[in-house]
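User: I'd like to go through this model and check what the labels on it really rest on. Can you walk me through it?

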Amino acid sequence: MGGRSIAAGSMTLKGMVKHAIGSGRSVTYMPRPGDGAPRGVTLIPGDGIGPLVTRAVEQVMEAMHAPVYFERYEVHGDMKRVPEEVLESIRKNKVCLKGGLKTPVGGGVSSLNVQLRKELDLYASLVNCFNLPGLPTRHHNVDIVVIRENTEGEYSGLEHEVVPGVVESLKVMTKFCSERIAKYAFEYAYLNNRKTVTAVHKANIMKLADGLFLESCRQVATKYPSIRYNEIIVDNCCMQLVSKPERFDVMVTGNSLRFSFPPQNNDMNNVTPNLYGNLVANTAAGIAGGTGVMPGGNVGGDHAVFEQGASAGNVGNEKLVEQKEANPVALLLSSAMMLRHLRFPSFADRLETAVKRVISEGKYMTKDLGGVSTTQEVVHAVIANLD
């Protein structure tokens with residue numbers, strides 16, 4: 001008899017059951033024929049710290065022998081448009097991983113991030129803000145998913161000067177876009193065993209625009225009777241977020257702002273319009289440990305782009321780049337999301353587990369997390385912790 005059988009034979013039946021439950025694999029993932037074929041992923045290193053953190057992802061993927069290969073394209077935030085060959089690559093591969101693209105403040109250059117979302121109709125942004133064991137934070141039990149509409153609202157970019165000194169900016173909300181982001185939020189909650197979806201709004205003032213958003217959310221909510229539906233005014237939402245973030249689960253917003261409040265057992269989801277969602281996601285990230293550790297992505301009917309979840313700090317500064325101290329954790333976790341999206345769950349689990357081990361041990365942390373490690377030192381630690 002083998003050693004394993006002998007060891008099992010000396011245990012009581014109760015002990016054997018506990019051992020099997022505690023140490024065994026989960027029920028196996030059965031791939032379809034051909035699912036193991038390598039998948040092409042469009043890679044945009046971007047600006048600032050982008051090349052550092054995207055290279056970190058490439059190194060970890062190589063170490064895992066993950067079934068992906070990257071098609072690299074140079075895109076920078078000061079370009080007038082996203083090059084057509086980049087868009088064609090994403091349309092072909094269906095998936096993109098990108099670093100931050102710096103958007104100039106003022107002037108006539110539009111955001112390439114917004115262009116990318118509109119060109120590919122990446123209408124849903126998802127940011128997962130949660131506590132990582134080993135990372136000290138003011139609040140505990142935070143697990144918030146912010147889902148925001150990506151294509152309209154204040155981000156429609158419809159502005160003009162009526163007369164000298166008077167500028168008009170239009171907020172566009174449509175029933176079609178409001179309904180589909182609400183459907184995505186409820187579907188996400190349903191598929192991820194989240195119990196509550198909260199719509200964030202300002203319908204007490206913007207009665208028509210945010211009123212349309214709320215009406216759409218209410219109609220979709222009736223099709224998901226097992227999921228609780230709440231609404232909250234954005235002012236109160238922000239106050240609750242910084243005082244009791246553990247209340248939130250999934251938040252959904254229109255292009256102005258989206259997020260959700262979970263109960264104490266963290267089973268809620270929030271949906272918000274675009275601008276609201278951007279503000280809330282960055283706030284939630286700061287509460288849960290910082291923008292450097294929060295994963296996220298943008299998805300539409302045909303394509304998905306994965307990037308650091310919270311936009312604040314995704315480009316970094318010159319000092320971080322020169323000293324090579326950018327935090328790669330957010331993009332590594334976003335890459336785990338990407339691997340799940342590509343139906344490579346075991347690779348995603350290995351990557352996520354390795355990152356969490358490094359954070360939990362606390363030995364290799366970048367400056368934003370209270371450590372002194374470089375990007376490369378964190379990468380080596382993650383690779384060393386891969387199963």
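User: What about pLDDT and contacts over residues 1-11?

Analyst: For residues 1-11 pLDDT also stays under 50, and the model has four contacts beyond four places in sequence. Where pLDDT is low, the predicted coordinates should not be read in detail. For the protein overall, the mean pLDDT is 85, and 85% of its residues reach 70 or more.

User: Why is serine 125 called buried?

Analyst: Buried means under 20% relative accessible area. Serine 125 has 8%, so it counts as buried. It is found in strand E4, residues 124-130. Leaving aside neighbours within four places in sequence, serine 125 is in contact with Val146, Ile147, Arg148, Asn150, Gly297 and Asn298.

User: And what makes histidine 139 count as buried?

Analyst: Its relative accessibility is 14%, and the cut-off is under 20%, so histidine 139 is buried. Its place is in the loop between E4 and strand E5 (143-149).

User: Which residues does histidine 139 touch, not counting those up to four places away in sequence?

Analyst: Histidine 139 touches Asn131, Val242, Ser243, Pro245, Glu246 and Ile287. As for lysine 244, it lies 105 residues from histidine 139 along the chain, with 7.9 Å between their C-alpha atoms.

User: How do you know how H3 and H11 are oriented to each other?

Analyst: Helix H3 (residues 50-64) packs against helix H11 (residues 329-341) at an angle of about 50°, and their axes are 9 Å apart. That makes H3 oblique to H11, because angles under 35 degrees count as roughly parallel and 65 to 115 as roughly perpendicular. H3 passes H11 in a right-handed crossing.

User: What classes of residue make up the contact of H3 with H11?

Analyst: On the H3 side, Val53, Thr54, Ala56, Val57, Val60, Met61 and Met64 meet Leu331, Leu332, Ser335, Met338 and Leu339 in H11. By class, that contact has 10 nonpolar, two polar and no charged residues.

User: How much of the whole protein is buried?

Analyst: Buried residues make up 53% of the 387 residues. The protein has 13 helices and 14 strands. Among contacts between residues at least 6 apart in sequence, 69% join residues at least 24 apart.

Notes: Residues are numbered from 1 along each chain as its sequence is written. This is a predicted model: local features need pLDDT of at least 70, side-chain atom pairs count only at pLDDT 80 or more; totals for chains, interfaces and linings use all residues. Side-chain values use heavy atoms; hydrogens and water are left out. Axes are lines fitted to C-alpha atoms, for helices over the stretch in contact, and angles run from 0 to 180 degrees between N-to-C directions. Helices (H or I, at least four residues) and strands (E, at least two) are DSSP runs, numbered from the N terminus. Angles under 35 degrees count as roughly parallel, over 145 as roughly antiparallel, 65 to 115 as roughly perpendicular and the rest as oblique. A crossing is left-handed if the near helix is turned anticlockwise from the far one by less than a right angle, and right-handed if clockwise. Contact means heavy atoms within 4.5 Å. Ala, Val, Leu, Ile, Met, Phe, Trp, Tyr, Cys and Pro count as nonpolar, Asp, Glu, Lys and Arg as charged, and the others, Gly among them, as polar. pLDDT is the predictor's confidence in each residue, from 0 to 100. Buried means under 20% relative accessible area, exposed over 50%, partly exposed in between (1.4 Å probe, protein chains only).
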